[in-house]
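Biologist: I have a model open and want to learn how to read it. Can you take me through it feature by feature?

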Amino acid sequence: MAERPLVAIVDDDQSLRNATRDLLKAAGFSTATFEDAESFLGSASRASAACLVADMRMPGMTGLELYQALVASGEHIPTVIITAHPEELTRSRARDAGITCYLSKPFAPDDLLECVRETLAKSQRGSIPRS
């Protein structure tokens, strides 16, 4: 049996974090959840994450800052940004940084699943460098 990809979920909203976890598990992914970027950065799951779903606005480090910190350290974890405060400038910065998907809350469950699958597929095709 093939190993299920690990999707790390970083969101300070516990109910959304849990709902996202449940959705992704039901779709066949392995998940790990974190309430903030610092918790994810300090976790053992960081090294095995195939995809990251991160909230844009969190106390401390934002989802985009988390992605940029990973890239700066040589880790290119394919990332989906979710946000309740969509702004075109932020969307543009995220795309320029290499974020593959930027979803506005509330989003349809199928939209998130499509983003995660697309992000993983791009990574496997080599479109996104992995360290």
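**Reading the fold**

Modeller: Start with the sulfurs: there is one disulfide in the structure, a disulfide being a pair of cysteine sulfur atoms within 2.5 Å. Keep in mind that this is a predicted model, where local features need pLDDT of at least 70, side-chain atom pairs count only at pLDDT 80 or more, and totals for chains, interfaces and linings use all residues. Residues are numbered from 1 along each chain as its sequence is written, and side-chain values use heavy atoms, with hydrogens and water left out.

Biologist: Which cysteines form the disulfide?

Modeller: Cys 101 and Cys 115, with their sulfur atoms 1.8 Å apart. They sit 14 residues apart, Cys 101 in strand 5 (residues 101–104) and Cys 115 in helix 5 (residues 109–125). Helices (H or I, at least four residues) and strands (E, at least two) are DSSP runs, numbered from the N terminus.

Biologist: And is Cys 51 buried or exposed?

Modeller: Buried means under 20% relative accessible area, exposed over 50%, and partly exposed in between (1.4 Å probe, protein chains only). Cys 51 is at 0% relative accessibility, so it counts as buried. Cys 51 is in no disulfide, and the nearest cysteine sulfur, that of Cys 115, is 9.1 Å away.

Biologist: How do I read a core?

Modeller: A nonpolar core is a set of buried Ala, Val, Leu, Ile, Met, Phe, Trp, Tyr and Cys residues joined through side-chain atoms within 4.5 Å. The largest one here has 22 residues, and Val 10, Phe 40, Leu 52 and Leu 66 touch the most other members. Helix 3 gives the largest share of this core, four residues. A second, separate core of 16 residues includes Cys 51 and Cys 115.

Biologist: What is Phe 40 in contact with, beyond its sequence neighbours?

Modeller: Contact means heavy atoms within 4.5 Å. Leaving aside neighbours within four places in sequence, the partners of Phe 40 include Val 10, Phe 34, Leu 52 and Leu 66.

Biologist: Now the sheet. What is the order of its strands?

Modeller: Strands of a sheet pair through backbone hydrogen bonds, either parallel or antiparallel. Two strands pair if DSSP finds at least two bridges between them. This is an open sheet of five strands in the order 2-1-3-4-5, with parallel pairing. Strand 2 and strand 5 are the edge strands, each pairing on one side only. Strand 1 and strand 2 pair over five bridges, and Val 10 stands opposite Phe 34 in strand 2.
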